[in-house]
Structures are given as C-alpha cells and as structure tokens.
Amino acid sequence: KDAVVVPEPVVPENVAKSVGVAAGMHVSEILNHDMTIGVGWGSTLYESLQTFAPRELENVQVISLLGGIVQARKFNPAEFAWQFARMMGADCFLFQAPAVVDSPATREALIERCGLRDLFRRAERLDVALLSVGTMAASSTAFRFNLISDEERMEMVRMGAVGDLLFNFYDREGKLVDHPVNQRIMALPIEQLRGVPNRIIASGGNDKVESLIGAIKLIDCNVLITNEATAREMLLRKG
C-alpha cells in the first residue's frame, strides 16, 4: 500500500539509523486518538525514537509483541515498547516473559497461568503493528543474545530460513519453517498479525533483502520502510 524509501547513508553502517529515523517520522504522522499500537524491538526500531514526535493524543495504548532478554549491552532493545509509550504518555502493556522459552509446554503455561492471555486479547484490537526483521547471520539480534543456539540456527538455515520477524523464522516464500524453535517463541502469533489493519516493516541493508522479501509475504505487509539500495535489490530479486 505504501513504501518509504530513504536515500543511502554516506556511511553504510548507518542504514539502520536512517531507516529508523524514517520509521519514527512515519509513525508520528499516522498516530491518532484511540489507537492501539503493537511493536516489536531491535536496533532499527530503537533508532525511530529519535524522530518520533507524537501529538497530544488520548486513549492510546502500546503493546509489546515479543518477550524480552535478560542481558543488555549498550542498550536494551526490548525496552522499545516502554520508551515509545513513555514519549506520548500512553499506557504500555509489556510482554513479561523471555523471548524464547525451553518448550511449548512452558510457553503455554506462561500464557495461561501468568497473565499473558490478557495481552493476547488486547492485541486483537491492534490498529498498527510496527516491526523489523532479522537475518540468519550469527550477529543478528535473535542469535547474538544466545537465546537460540548456533546449532539450531544452522538447522533452520538448512531448512530454508531466510530471517525472523518477532523471532518467528520463515523462508523466502513467507512460510514458517517447521522447526521446534518456532514453537518456543513468546510472541504474538503470525496469524494474528495478519489481521492488523496497518502492518509496517522497517528494516534495511543488503543483508536483509531475502529476509524482507519473505517477511512481506509472511504477514502480507502493507507499509515498507527501507533504504534505496535495498529497495532496488528487492525489486530485482522479487520474482
């Protein structure tokens, strides 16, 4: 439905910053009263806080769509939902669980017995989902916090995985790979995301071309925010 394509930064390493800045501006424009926004986390979305300029809005809710991490270094990307909500004085509902748990049984227990079911119910009323994607590289967010082992990463690569969205791992055709990791993720289910009216993906970089192609299909994304070189390469490879 819409694409925001930012010029290439002079320093290639600043792609996430450039895309994040554009994401902050875009979300500032579309926010309105009585909205519920669901957000993921990661370095690109964290950068969006620099240009996020909310108006005085009433009855806005922010819902975290993914569990968090225990160990944080330079900054805690999982704090994004709280920081985002704080800037506009909105109510924030945090996903108080690890991003990845040890088994499907633990996942179910946390949802049913630890109050997370209410978060899922609130997410049924989402107006906007603001998300980013990761790659299958060892340095990607999903792997650098040691939440998922390198052995599991390589198994998913062999199964065709090209990236993750809310730590859900999918192939180039936008299909979730049939790996146990996808049953242990504490995140809003993909099928629920597909029902959100505004599904925004903000990510960029040549290493994310395949990830973005798959992610667009995965959630039927209707707003893409990326950089010029990535957009051009996506068009060349989209076939």
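Begin by selecting helix α10, whose buried residues pack against β1, α9 and β9; buried here means under 20% relative accessible area, exposed means over 50%, and partly exposed lies in between, with a 1.4 Å probe and protein chains only. What you have open is a predicted model, in which local features need pLDDT of at least 70 and side-chain atom pairs count only at pLDDT 80 or more, while totals for chains, interfaces and linings use all residues. Residues are numbered from 1 along each chain as its sequence is written, and side-chain values use heavy atoms, with hydrogens and water left out.

Stay on α10 and colour Thr230, Ala231 and Met234, which are buried. They cover an arc of only 100 degrees around the axis, so they lie on the same side of α10; the arc is that of the directions from the helix axis to the C-beta atoms. Turn to the other side of α10, and you will find Leu235 and Leu236 exposed. Helices (H or I, at least four residues) and strands (E, at least two) are DSSP runs, numbered from the N terminus.

α9 and α10 pack at an angle of about 65 degrees, with their axes 9 Å apart, where axes are lines fitted to C-alpha atoms, for helices over the stretch in contact, and angles run from 0 to 180 degrees between N-to-C directions. The two helices, α9 and α10, are therefore roughly perpendicular to each other, a label given to angles of 65 to 115 degrees, with those under 35 counted as roughly parallel, over 145 as roughly antiparallel and the rest as oblique. To see where they meet, show Val209, Glu210, Leu212, Ile213 and Ile216 in α9 together with Thr230, Glu233, Met234 and Arg237 in α10; contact means heavy atoms within 4.5 Å.

Now bring up the sheet. It is open, has seven strands in the order β1-β9-β8-β5-β2-β3-β4, and is paired in parallel; two strands pair if DSSP finds at least two bridges between them. At the edges stand β1 (2–6) and β4 (91–93), each with a single partner strand, so one side of each has no neighbour in the sheet. From one strand to the next, the twist averages 15 degrees.

Within this sheet, select strand β2 (residues 36–39) and strand β5 (residues 128–131), which pair in the parallel sense over three bridges, and look for Gly38, which stands opposite Ala129 in β5. Helix α9 (residues 209–219) packs on the sheet, touching β5, β8 (198–202) and β9 (223–227), and its direction makes about 170 degrees with that of β8. Helix α10 (residues 228–237) also packs on the sheet, where it touches β1 and β9, and its direction makes about 115 degrees with that of β9.

Move on to Gln61, in strand β3 (residues 61–64). Is Gln61 buried or exposed? Gln61 is buried, with a relative accessible area of 14%, and, not counting residues up to four places away in sequence, Gln61 touches Met35, Thr36, Ile37, Asp91, Phe93 and Arg122.

Finally, select strand β6 (residues 161–165), where five of its five residues are buried. β6 pairs with strand β7 (residues 168–171) in the antiparallel sense over four bridges, and Asp164 stands opposite Phe169 in β7. Together β6 and β7 form a hairpin with two residues between them, and in the turn Leu166 has a positive phi of about 55 degrees.
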